[in-house]
Amino acid sequence: MYSDDDDGDTPDYCKGETAAGPGSKDIFVQLVISLALGVTAFIAFCILRPRWKSLYAARRRHSDPQIALPTLPDSFFGWIPALYRVTEEQVLASAGLDAFVFLSFFKMSLRLFATMFFFAVVVLWPIHNTFDAGTSTPPGDTPGNGSSYINLTHSRDLHFSTRLDNTLVAPDPEDKSWTYLWSYMAFTWFFSFLTIYFMNSETNKVIKIRQDYLGTQSTITDRTFRLTGIPRDLRSEEKIKEFVENLEIGHVRSVTLCRNWAEIDALVAQRQAVLRKLEEAWSVYLARQPAVGLPSSDQPRVTEGDAVQDDEETQENGRLIAGDSLQNLVTESARPKIRLRFGFFRLRNRKIDAIDYYEEKLRRLDEKIRTARRKQYPPTDTAFVTMDSIAACQMAVQATVDPRPGQLLTKPAPAPSDVIWKNTYTPRYKRQLQAWAITIFITFLSILWFFPVAALAQLLSICSIKKIAPSLAKSLSQHEITKAFIQTGLPTLVVSLLNVLVPYLYDYLSNIQGMVSQGDVELSAISKNFFFIFFNIFVVYAVSGSAALADFWAIIGNSLRDTKTIASKVAGSIQDLNNFYLNFIMLQGLGLFPFKLLQFGSISLYAIYRMGAKTPRDFAELVQPSLFNYGFYLPTALLVFILCLVYSILPGAHIVLLLGLCYFSLGYFVYKYQLLYSMDQPQHATGGAWPIICARIIVGLIAFQAIMIAILVLQAAFEAASLIVPLVVLTFWYYFYSRQRFTPLTRFIALRSIKRASDPGSESRPDQDPNQVQRQTRLTRRMSTIDEDREKGMRFINPSLVMPLEQPWVYQDPPPLINESPFDSNTGSINGNNDSQAAVPTVHHGPGSVSSSFSLGDTHVWRDNGDENV
């Protein structure tokens, strides 16, 4: 495989060696590794799935029983055909638009790459074989060195000739540049139009489903818009209501003016921390007691703070540090203690009863919260306005309300459970500053990330190992399997681990960027993670062929002086990295998808969380469904899509496209199972990821066309290369054209899509079969995400103002809630119809639903009283 040179000279395989794409990798070794990992994880999943239904069927157990999802059989493979038979209507009904859009991307990719694979096998593969496109000598090997390079079908299918300098020096017009290279130009046009056709068709389908889906609903989200940039003279609920109704677009049902609720939000957050500490103290205390004679969970909490209160500060402090006056002497020694520091510079300390201390502290916080709820808070420039109809809301959202720039801007409102209330009262300039700071930080972070990546990747090269440990490198080089594993498996494994770890950082950065809804945070995380993956794994490697930052900037600097430099390097690097990306797709699809299905991370962390769980609340949270974060999974799928496009014409295209088909097939089944059965998706973006997907596909098309131009230019096929240039311009035009045509329909609801008939699901189309209309009505009326199922009775209101102050969860059953006084409308919202609608929140205690078992589980929204809440 490599030239084994045991003398003091540098071995041939170390000349020009790069960490990202070492020459001549053994793809069969990677195939064996990937299959071994994947098959092991898949068998483990099939064994554990019927045994651990709390993990692998957690979502279905917590879902509404009206959702008609089939029960998967417990047989070893029987769940696969049952999952395959789940229709798109059932996906929409049980998982919503976001899941439907996500899975639609995988289905579109399957159809596209299946078509490309057919032409790659029938047309391109014979062309490459006939005209000897490529070389049987892989990069890094020299002729006659006894290379043991293992190939699929033929070694020349895996590499395109990288001896581009020879082609430039003496181009032969009678040779390849005038024969088979024309097929590169033709298939670049054909595959580009094929991609645009499939993307355009799927976009029309997604838009139609989205319009029908949202047009048949009448939730509070569909009737509410967010009004920003409110002038100071309009910052009252009555004036906002009067202003909107003067627009004559409809009647205002209610107005929630966002105010500076920082004080009460801080108190509620502090109370939650104290409540958990109190529950931990109780769990420690009960663990020391015998299992008999424990009181029932229905017994109300009685504390010293329930006695007659004295407002003097000395007596209040006395209750805090007193812990030995009313305790049973028998159990006093068993109660947990806490060391309280007080006095001058907190030099004095005393060990007191922890339960009494936290109960007294909780009582004080409850009093402060009740007082804070009666306060008047300064208004901000943001309000949520709920109209009496969806049409009125959409007219407000799609219209320009005020002629002054930046004032009275209307935007679609997120779902009540999706609102990040602390960002609603943050000043606009501060949120914009946060957004720009995070964007600049991510840009620099993506550049600085080269250093740890390069340092880690360089250690996974036999050449680098030889510099540190020559004997180890010699031992590894003597065995083909270990050498292939070091050169093939470990570099792709490093890149795959980065894809797993980095999204957590970008998700955190997206959450502190100041966005108003969790849906916007989710979409922002998708964009950030894609930028990192595309820039670090594709652009940098394509330009330099290496993980080394110095090589990248050196090539960029040289290309400014000579444009042929970057073109030559891109063309050569793309072909040299053929096996690297091949192994990357193979590991991601065959190796890691079964581990995602197994939820290996959740299983691994469960033991750690289980050891740290102390209270009933902790144990209840352990059985909650894992969260499905689109920002963690979609960027990698988009990168694989782009890689399949880029290599769809080059030698070995049929292998890349075959692996792409395997990747998207496995991904479709894995993600379909997780979205429907095992994982929860709290964010609600109404399919907002589809414009992001289309924009990234356009980026991949332009990269594909630019690389083909570079390859043809360096093969002296200037005429063929020049004919691709109009295709790049046409792709740019299609991008702006599609944005103008499709983007409004992916953001808003068309007025004609809103169903106004007596049956809100029927369509006013006389040419349609009434039976078909009735069937579509039933399906579309059941289309709702979990958030929309919970919107009955919800209001746009800060939960800190209305949520019940719950008791500690000490025993197995959750504690009963104590009804608080109704919410004072002067602190945040009014009902435009003057109905005295009660605002006392109620919380469900459904069997198995942990989020409804304790009041702080639904942290963003509270319901009005009413029978429809049940």
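Before the details, a word on conventions: because the model is predicted, local features need a pLDDT of at least 70 and side-chain atom pairs count only at pLDDT 80 or more, whereas totals for chains, interfaces and linings use all residues. Residues are numbered from 1 along each chain as its sequence is written, and side-chain values use heavy atoms, with hydrogens and water left out.

Let me start with the rings. A pair of aromatic rings is described by the distance of the centres and the angle of the planes. Here rings of Phe, Tyr and Trp (for Trp, the six-membered ring) pair if their centres lie within 6.5 Å, and planes under 30 degrees apart count as stacked, those over 60 as edge-to-face and the rest as tilted. Searching the whole structure on that basis gives 54 aromatic pairs. In one of them, Phe113 and Phe641 have ring centres 5.0 Å apart and planes at 55°, so this pair is tilted. The two residues belong to distant parts of the chain, with Phe113 in helix H5 (residues 88–130) and Phe641 in helix H24 (residues 630–646), 528 residues apart. Helices here are DSSP runs of H or I with at least four residues, strands are runs of E with at least two, and both are numbered from the N terminus. Phe113 is buried at 0% relative accessibility, and Phe641 is likewise buried at 0%, where buried means under 20% relative accessible area, exposed means over 50% and partly exposed lies in between, for a 1.4 Å probe and protein chains only. Ring pairs also link both residues into a cluster whose members include Phe102, Phe105, Phe106, Tyr633 and Tyr671.

Next, the charged pairs. A salt bridge is counted when a side-chain nitrogen of Lys or Arg lies within 4 Å of a carboxyl oxygen of Asp or Glu, and the whole structure holds 20 of them. Between Arg111 and Glu202, the closest N and O atoms are 2.4 Å apart. Since Arg111 lies in helix H5 and Glu202 in helix H7 (residues 181–215), this bridge ties together parts that are 91 residues apart in sequence. Arg111 is partly exposed at 36% relative accessibility, whereas Glu202 is buried at 3%.

A second salt bridge joins Asp381 and Arg428, with the closest N and O atoms 3.6 Å apart. Asp381 sits in strand E5 (residues 379–387) and Arg428 in helix H13 (residues 428–448), so the parts tied together are 47 residues apart in sequence. Asp381 is buried, with a relative accessible area of 16%, and Arg428 is partly exposed at 28%. Both partners are also touched by Thr228, a residue of strand E1 (residues 224–228), where contact means heavy atoms within 4.5 Å.

The residues in contact with Arg49 include Asp74 and Trp79. Asp74, in turn, forms a salt bridge with Lys53 at 3.3 Å, N to O.

Gln705, in helix H26 (residues 689–714), is buried at 0% relative accessibility, and a polar contact of 3.0 Å joins the side chains of Gln705 and Thr731. A polar contact is a pair of N or O atoms within 3.5 Å; within protein, one must be able to donate a hydrogen and the other to accept it, and residues adjacent in sequence count only if both atoms are side-chain atoms.

Turning to the backbone, most residues other than glycine have a negative phi, and most peptide bonds are trans. Leu408 has a positive phi, near 55°, and lies in the loop between helix H12 (390–397) and strand E6 (409–412). Gln599 also has a positive phi near 55°, in the loop between helix H21 (578–598) and helix H22 (600–612).

Finally, the surface: Leu35, Val39, Ile43, Ile47, Phe76 and Phe77 make a nonpolar patch of about 500 Å². Patches are made of residues with over 30% relative accessible area and no salt bridge, joining like charges within 9 Å and nonpolar side chains (Val, Leu, Ile, Met, Phe, Trp, Tyr) within 5 Å. Accessible areas come from the Shrake-Rupley method with a 1.4 Å probe, and for residues only the protein chains shown count as cover. Ile47, found in helix H1 (residues 27–48), is partly exposed at 39% relative accessibility.

Conventions
Lists of a residue's contacts leave out its neighbours within four places in sequence.
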